[in-house]
Amino acid sequence: MGTPTNFVATENSNPPLSNLTYDWEFSLNNILTHSNSPNGIDNPNVTYTSAGTDIVKLKVSTQFNCSDSVSKPVYIVPKASDPIAISTPYTQDFNTNAAGWIAGGANSSWEWGTFLTKGTEGSPTRGSGWETKINGTNNQEEQSWVLSNCFDITSTKPVISLDIFSDTPIGVNGAVLQANTNGNIEDDASWITIGGVNSGINWYDTQGIVSSPGNQSTVNTGWTGNAVTRPNKYETWTTAVFKLDPFAGATNVVFRVAFGADKSQTDGFAFDNVFIGERTRVVVMENFTNNDAQGATAHNNAYYNLASEVVKVQYHTPFPGDDPVNALNPQINNARTAFYGITEAPTIRIDGRARAGEVNSWLNTLYDERVLTPSPIEIVPTVTKINGEVVISTSILNRTGQTLSLQGAHVFTTIVQKSVTDAALLSGTNNSEFAFVARQMLPSPTGVIIDSNIPAGGTYLVPDVVWRFNSGDAIVITVQETSGLKEVYQAHIVLNPPLPDLITGIEDLTEYIRIYPNPANESFEIELPSKAENRLVVNLIDPVGRAAQQLYFEKGEQTKTVNTQNLAQGIYVVQIGSGKTGVLRKKVMVVH
């Protein structure tokens, strides 16, 4: 509506006729209004100024006054005033009117009106919307639909959600959501079915629906069933959500809820509360692995392969065997493992959640559910380097119209290393790389506690945390509850932050220098929290206080291997530094 609709008359005579005259009637039933009435041509453009359904009639005459006529329906819907974007979503509850949505198709029973009770409702929980017969049964042999407004979708991550209710004979009657981009509304082959079974949230129930809603060419998928056959879904209203990624950047997109019925049923199908907008959630996936765990390599690959709209952090557990990455920083790895009560590895948490069974059996389904669940907040970090240290200032924005009860939730700031390829750290696996490995949690594994709720549209300023030693190269920030389901509200990653300066001295750095494995057999590694800026001496002191070995970190080095094959068993002291740079000492046990 409001933009030109093009009509094309095609003449297929043999031989072709010439000198034809064209007489158009663009609203035979006087339902639609239009601002112009071009006539006498074979391809007029008409601008309709009202929405609805009408009949267009064309009479074609030859120069010998022979004539024929043809009539076809025309469906005109309003175009959304704003393109679909994160700041301009489309929301429609249909409580005031049909909002320019129109019904059509064969033997249609669709009506807009006030809903009665649905399923187990004691009283109606919805106002008005669309249903196949508001107070009666849908029609038999029905192949109908409700047509949406027209949309331009500028969002790069578009999503649609709608509340649905089904009271249909399972596998016989059903409904499906379809989209059209070429304007050929009448041609069922021009409609693209959105989504499939076992995807999205509360999306389609099955394939092979007998009535083929939307006249699908092959799969005949859709929503079907009722409170008896699908008691956990259709006892009352449910919200269905799915990605619209194939239509990102598309213009003049029209949707339809198509219904097919071989039989009549009490309520048939109903929908309400349509939302078309942008996905706002970034999922956090935490991988808990151990180099000695059975199946760790394949498990880690599953973690790496999930790539879209997800922030990743990998932790290494202290079980079932010794793990060199865990030994680098057992404090954060063990604290995060205990946070979830994890007792077996490998495993994964998606937004703090997991399901029973093998990870691969539920990983993608749970990911879909979480990424399609809107986040009420946005995390906005500001990362600034000051005097060689990196200050992380985080703001939490409430994107809802209600106060968010976030008091007591925690903000976790984790420094991760995007790629770990050190053979010593990969030992025991067939992985060639570890990705997004946790190296520090700031200011500690407990994070920062949010001390107040966030008002509607408000912003909470998290106290600054300081990153002093560049053992990683990216920053992951999450907002999460620490009790109950450990709900994750949102995640964010800073992929290329400024890094803290290189270390010039080592005093007060004992907790940041890692020795692994410990105990050691043939060798062990010494890892500094960052590359050495100057030459740094290392002395290995034996159990009776004698110097057993001396070696150096040269400028730019961060790890050093110490060979212990020829050393006697016992506890040795690793002494790093000298009087000029400061001295620290750590113990390592040698066993054979």
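Methionine 589 lies in strand β34, which covers residues 582-590. This is a predicted model, so please keep that in mind throughout. Methionine 589 is partly exposed, with a relative accessible area of 35%. Together with Ile571 and Val591, Met589 makes a nonpolar surface patch of about 220 Å².

Now the overall layout. The protein is divided into domain 1 (3-76), domain 2 (90-278), domain 3 (283-494) and domain 4 (514-590). Between domain 1 and domain 4, the C-alpha centres are 89 Å apart.

Next, the aromatic rings. A pair of aromatic rings is described by the distance of the centres and the angle of the planes. The count here is 24 aromatic pairs. One of them joins tryptophan 203 and tryptophan 223, edge-to-face, at 4.9 Å centre to centre and 75° between the planes. Both tryptophans sit in the loop between β13 (192-193) and β14 (238-243), so the pair ties together parts that are 20 residues apart in sequence. Are these two tryptophans buried or exposed? Tryptophan 203 is buried, and tryptophan 223 is buried too.

Phenylalanine 247 and phenylalanine 255 also form an edge-to-face pair, with 6.5 Å between centres and 75° between the planes. Phenylalanine 247 is buried at 5% relative accessible area, and phenylalanine 255 is buried at 2%. There is also a cluster linked by ring pairs: Phe94, Trp101, Trp110, Phe259 and Phe271.

Rings can be paired with charges as well. The charged end of arginine 336 sits over the ring of phenylalanine 412, 4.5 Å from its centre. For arginine 535, the charged end sits over the ring of tyrosine 552, at 3.7 Å from the ring centre.

Last, salt bridges. How many does a search of the whole structure find? It finds 22. In one of them, the side chains of glutamate 487 and arginine 353 meet, with 2.4 Å from N to O. Glutamate 487 is in the loop between β26 (474-480) and β27 (488-494), and arginine 353 is in the loop between β19 (347-350) and α4 (359-371), so the pair ties together parts 134 residues apart in sequence. Glutamate 487 is buried because its relative accessible area is 19%, and buried means under 20%. Arginine 353, at 28%, is partly exposed. Both residues belong to a network of salt bridges that links Arg281, Asp351, Arg353, Arg370 and Glu487.

Another salt bridge joins glutamate 378 and arginine 399, where the closest N and O atoms are 2.2 Å apart. Glutamate 378 is partly exposed, at 31%, whereas arginine 399 is exposed, at 54%.

Key
Residues are numbered from 1 along each chain as its sequence is written. This is a predicted model: local features need pLDDT of at least 70, side-chain atom pairs count only at pLDDT 80 or more; totals for chains, interfaces and linings use all residues. Side-chain values use heavy atoms; hydrogens and water are left out. Patches are made of residues with over 30% relative accessible area and no salt bridge: like charges are joined within 9 Å, nonpolar side chains (Val, Leu, Ile, Met, Phe, Trp, Tyr) within 5 Å. Accessible areas come from the Shrake-Rupley method with a 1.4 Å probe; for residues, only the protein chains shown count as cover. A salt bridge is a side-chain nitrogen of Lys or Arg within 4 Å of a carboxyl oxygen of Asp or Glu. Helices (H or I, at least four residues) and strands (E, at least two) are DSSP runs, numbered from the N terminus. Buried means under 20% relative accessible area, exposed over 50%, partly exposed in between (1.4 Å probe, protein chains only). Domain bounds come from an automatic or database domain assignment. Rings of Phe, Tyr and Trp (its six-membered ring) pair if their centres lie within 6.5 Å; planes under 30 degrees apart count as stacked, over 60 as edge-to-face and the rest as tilted. A charge sits over a ring if NZ of Lys or CZ of Arg is within 6 Å of the ring centre and within 35 degrees of the ring normal.
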